Protein chains: 2
Amino acid sequence: MIIDCHGHYTTAPKALENWRNAQIANLKTPELGPKVADLKISDDELRESIATNQLKLMKERGSDLTLFSPRASFMAHHIGDFNVSSTWAAICNELCFRVSELFPEHFVPVAMLPQSPGVDPATCIPELEKCVKEYGAVGINLNPDPSGGHWNSPPLTDKHWYPIYEKMVEYDLPAMIHVSTSCNACFHTTGAHYLNADTTAFMQCIQGDLFKDFPTLKFLIPHGGGAVPYHWGRFRGLAQEMKKPLLTEHVLNNIYFDTCVYHQPGIDLLNTVIPVKNVLFASEMIGAVRGIDPTTGHYYDDTKRYIEASKILSAAEKQQIYEGNTRRVFSRLDVRLKAKGL
Amino acid sequence: MIIDCHGHYTTAPKALENWRNAQIANLKTPELGPKVADLKISDDELRESIATNQLKLMKERGSDLTLFSPRASFMAHHIGDFNVSSTWAAICNELCFRVSELFPEHFVPVAMLPQSPGVDPATCIPELEKCVKEYGAVGINLNPDPSGGHWNSPPLTDKHWYPIYEKMVEYDLPAMIHVSTSCNACFHTTGAHYLNADTTAFMQCIQGDLFKDFPTLKFLIPHGGGAVPYHWGRFRGLAQEMKKPLLTEHVLNNIYFDTCVYHQPGIDLLNTVIPVKNVLFASEMIGAVRGIDPTTGHYYDDTKRYIEASKILSAAEKQQIYEGNTRRVFSRLDVRLKAKGL
């Protein structure tokens, strides 16, 4: 089985975006804004939005199952207050759940959280619990910068975040550390903010001792870990200067990287420096980079091709990246698959 | 000849730091603060601080010449106002000039600018001109985020920065895009802020059309380009979505990367995806990562070893990275070397 651990519902019917725009237009007059019940998307519309997009590409490329969360750039936690985020997260999570019910063989939900800048992350717990208990979510997306590029929340190692971590540990729920749209003109969302956040989160974990407090906490750093594998020597050296243990002990029992790196040399570097056990297959398809690479004739984000072509990985290691690691890290997914005899 | 294009005066005598601390202590009462004349560092002290540190390592490692600028993390443009930055930049630039006079075979100055958050960059021009005309500076360091991690200046493609670019073009002066200390707790200075800034600057250049306005402008992106080479497929794909020309045409006539990547696989990736003509040898020694890599037994930042061991580069290409490219990009350095018959 090939599991893509990083998919977002980027192709939701237009009605979702229209609803969100109406919500944003009435931020200061929520009584005039749309009600949740105003959003009407039929199962047929959901089915079509998936069957002609993600599922079509999954079949063409040969992946079986996608961990599926709301569109990352649409989370936009910086917009409005907690109530705005809360309503929006509930809607988006329900849609991903409905997709998982319509295509139970192919999609399993991962939850977004109703984060809001300056608001205690503990406020996210009811939505988190609902998604786990009612929707069968197997992971969450945690935004380390709900401000959208102003970075005014404490580092991930701060106790500010501990209420979320306590729930993650309780449910054995991994978090993908994933920012949303940048509202800072300096940072292009998918070309700078996403990658910077990945690098930033990893370095915060090196600086702190978070995994002493939460030995079973699991972070998945997307986009191949931002700049981390390319600068693996720098990170090893910085940890050494800080008198931290080797990175293998200090963070690699808790941090994982996905394979959303859109060219062969990048994937090869990832698999040269990061242990196989820490790499999880992903494409983030259909996402930031949708075109065909003229140098290969294939989609940039068809990351399975790069894994297949890898001369660094054995067949068994490839299978570990495709399935074994993801089932180990997302233990609730493993339980769910085993219950189906998979 | 082997030229290291990225060296900072990180080993200046303690008197410099003491003077800066006194300046900072009197930010609101500058009349009580230290005068420039209060800083006394003798030639012997300068000589010793270099001979026992950078020059010693240059000789051991086999590099000949370093482009030498004030300590990046000490620029701290976010501290105080323009007058504070102006006095501090003048002091630091003069020290690098004096080092270049004491060791004319081994050090050539690159200038820091007296940037200050929210202040028109045109105010930096007098210091820039002084450094070029009186000190023989062959390049500048340009901080894209003088706020120190709050990123509230416009992107590098904004007309805000054009007064600097006009002078750079006039003097054919390249700029290394280099941030300083982070005062944002989210960003570790050398493990996140530096790399994020590199990635951010590159993506800003993809988004804009700066090099149409300034076809001869030259940016050197340090630390191997942050996350850029590792995500080269992503950047090519994003440029394609934006209907920009191929990166080779859109930015690679103007943007260069240094080799401050502290392990062999990273250097190999850099030289796999970035054209040789765009790579300039550098170590940033003595800098962020000063230790010995236990996996090799050599200094992490002894980047010459990685170039030497490269199986991707021919001997001629290595020489291009060591010398040819740097003399081409830093044309004022080339003039200076030719005048010495080098």
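Good morning. In helix α3 of chain A, residues 54–61, E60(A) and K56(A) sit 4 residues apart, about one turn of the helix; helices are DSSP runs of H or I with at least four residues, numbered from the N terminus. The model is predicted, so local features need pLDDT of at least 70 and side-chain atom pairs count only at pLDDT 80 or more, while totals for chains, interfaces and linings use all residues. Residues are numbered from 1 along each chain as its sequence is written, chains are lettered from A and ligands numbered from 1 in the order in which they are written, and side-chain values use heavy atoms, without hydrogens and water.

Side chains of opposite charge can pair when their charged atoms come close. A salt bridge here is a side-chain nitrogen of Lys or Arg within 4 Å of a carboxyl oxygen of Asp or Glu. The count over all chains is 30 salt bridges.

E60(A) and K56(A) form one, at 3.4 Å from N to O. Buried means under 20% relative accessible area, exposed over 50%, and partly exposed in between, with a 1.4 Å probe and protein chains only. E60(A) is exposed because its relative accessibility is 52%, whereas K56(A), at 41%, is partly exposed.

Let us turn to chain B. K130(B) and E127(B) lie 3 residues apart in helix α6, and their closest N and O atoms are 3.0 Å apart in a salt bridge. K130(B) is partly exposed at 21%; E127(B) is buried at 10%.

Finally, in helix α14 of chain B, E323(B) and R327(B) are 4 residues apart, and a salt bridge of 2.9 Å, N to O, joins their side chains. Thank you.

Technical notes: Helices (H or I, at least four residues) and strands (E, at least two) are DSSP runs, numbered from the N terminus.
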